[in-house]
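Trainee: Could you take me slowly through one part of this protein, the sheet and what is attached to it, and explain each term as you go?

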Amino acid sequence: MKDRFDIAADLRTIARLLEIKGENRFKTLAFIRGAEALGSLEGDLDDLVKDRRLREIPGIGNALSSIIEEIYSTGECWMLQQLCQGLPPGVIELSDVPGLSLKKIIALYDDLRIESVADLKAACKEGLVGNVKGFGTKSQARILAGIEKLENRDENFLLLNQAVEQAEQILQHLRTCSELIDAQVAGALRRRQETIRQICIVAASDQPRAVIDRFLGFPPLAHTDELDETRCRGRLAGGLQTELVVVSPDAYIATLHARTGSAKHLAKLQEISHSRELPYLVECGGGKQRGMGSESEIYQHLGLQYIPPELREDEGEVEAASNGTLPQPLALEDIRGMTHCHTDYSDGRNSIEEMALAAQAMGMSYLTITDHSQSASYAGGLGIDRLRAQWDEIARVQERVSIRLLKGTESDILEDGSLDYPDYLLNQFDIVIASIHARHKMDADQMTRRLLRALKLPIFKVWGHPLGRLIPSRPPFACRLEEVLDAVAESRCAIEVNGDPHRLDLEPHWIRLARNRGIKFIVSTDAHSIAGLANLPVGVSMARRGWLMRGEVLNTLGVEDFMRAIHP
Ligand SMILES: [Zn+2]
Ligand SMILES: [Zn+2]
């Protein structure tokens, strides 16, 4: 019989096959979310299926619940079988090779019976691939290089939001142990890095063994690598490394601080404590110093302003904290408006009213509806008629909700740098987000020209997910960003910090360069569903990593001031 992890694996396979067949990203994401939900299930799957209560799990709707029931009761999945039909064996692993489309995978199978990456590598080395129709010696060399890159990649990581969720589950599990006094996430996750390869948790207890035992009982902990009286390192079912360190309560803060890092940040602090011959030593490894009541005390002791975890990267924060110029970074509570959101008018999953009520329940005072523009046909972009229908619906929903709804667009920046609606229409929106969704592969010159033209347009716009990266698959596109930022600073334009965990764009070091130019920002979720709104904290952490302060983020303003700022 298949357990929840097997079923989750089937859902992931379905997502991969849909993706390979070119289905849109949101359809595939539904299966990935379903798999994640099963993986982190609290209750018992048998009961949920028996009582037909699968739909109560967030992320699992009607369609998904029948598929899960089918796999659970028969071990098979009709949809999966249908998807596999006509596809060569090994299509999933082969599709990971850069540049191999489905068409090419089929051609390789038909000609050379290639069924795996190993087959493909051997065939490239023998020079056979270059002779297949549609391939040549150049593409053969590219494929070989791609395979070598694949072989060196590290797959065991989670996106930030997934890691936060996973860590929260571990913490909840540990908190059921009565011997636990306190526990917190440390490491890269506490510093809110984009991808997380290890979850490190520091705990305080007088009886470390009891806490370790509790940790060993965490159901997804699949494998233990190292174990002693105060420390345990293992892997979760998905492969992610996880470490728990348990120390006595008086060593807790020092250990938490040392384990949070980054190594370069700690080394800078160590220099300070050595040069001033301070009795309290900041430690990079163990952190066995005792007696600090809070991390603020550690910084105070060193004569520094408090440095929040997200800023501890040795990127100038220690120097700034030393001369008192470290900004007080944005807090989640500062955000008053949910910006850049999609609805079922384009490629979102929820209606305007559902999104409005969800944002209202989060305490937001306004929500911007910014569906895709007409050229974005792949994402259900709105033509002018549909747009007018949407405005009518926004007006109707506004009657029923207390949160203020602003009508906006995520307008494509077209290839020539123009925006996707005529000027008379653009002027009628409350907010215009201008984003690139196609032709990412222009060279830096062309892309810079395209951006300069768009961002210098007289209408006020927010530059959405600026460099178009997707984590982990698509790097930021090429352009001369400093030149573009100079132009943004002179234009009617703000920049988005996109909180979609796959995007997290603009990156922190670029945010800092932009804020040095006096540029303003919005922090958004780019939500395509109610669930997507929950990524606001992720967006805020990116802003904090970029040192943004409340006064630099426009959606910390009340609605009237916000509207004046984005549509002056
Ligand atoms: Zn977009
Ligand atoms: Zn969007």
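Mentor: In this predicted model, 7 strands make up an open sheet with parallel pairing, in the order 8-9-10-11-12-13-14. Strands (E, at least two residues) and helices (H or I, at least four residues) are DSSP runs numbered from the N terminus, and two strands pair if DSSP finds at least two bridges between them. Strand 8 (337-341) and strand 14 (521-524) are the edges, and because each has a single partner strand, one side of each is left without a neighbour in the sheet. On average, neighbouring strands of this sheet are turned by 25° against each other, direction ignored; the axes behind such angles are lines fitted to C-alpha atoms, for helices over the stretch in contact, and angles run from 0 to 180 degrees between N-to-C directions.

Within the sheet, strand 9 (residues 366-372) is joined to strand 10 (residues 404-412) by 7 bridges in the parallel sense, and Tyr366 has Arg404 in strand 10 as its bridge partner. Helix 17 (residues 352-361) packs on the sheet, touching strands 8, 9 and 10, where contact means heavy atoms within 4.5 Å, and its direction makes about 145° with that of strand 9. Helix 24 (residues 536-545) also packs on the sheet, touching strand 8, strand 13 (493-498) and strand 14, and its direction makes about 145° with that of strand 14.

The zinc ion (ligand 1) has Glu410 (OE), His437 (NE2) and His465 (NE2) as protein donors, lying 2.1 Å from it; donors are N, O and S atoms within 2.8 Å of the metal (3.2 Å for Na, K and Ca), and since water is not among the atoms, sites may look incomplete. Glu410 coordinates both this ion and the zinc ion (ligand 2), the two ions being 3.2 Å apart. Distant parts of the chain are linked here, for Glu410 is in strand 10 while His465, 55 residues apart from it, is in the loop between strand 12 (461-463) and helix 21 (481-490).

Residues are numbered from 1 along each chain as its sequence is written, while chains are lettered from A and ligands numbered from 1 in the order in which they are written. Local features need pLDDT of at least 70 and side-chain atom pairs count only at pLDDT 80 or more, whereas totals for chains, interfaces and linings use all residues, and side-chain values use heavy atoms, with hydrogens and water left out.
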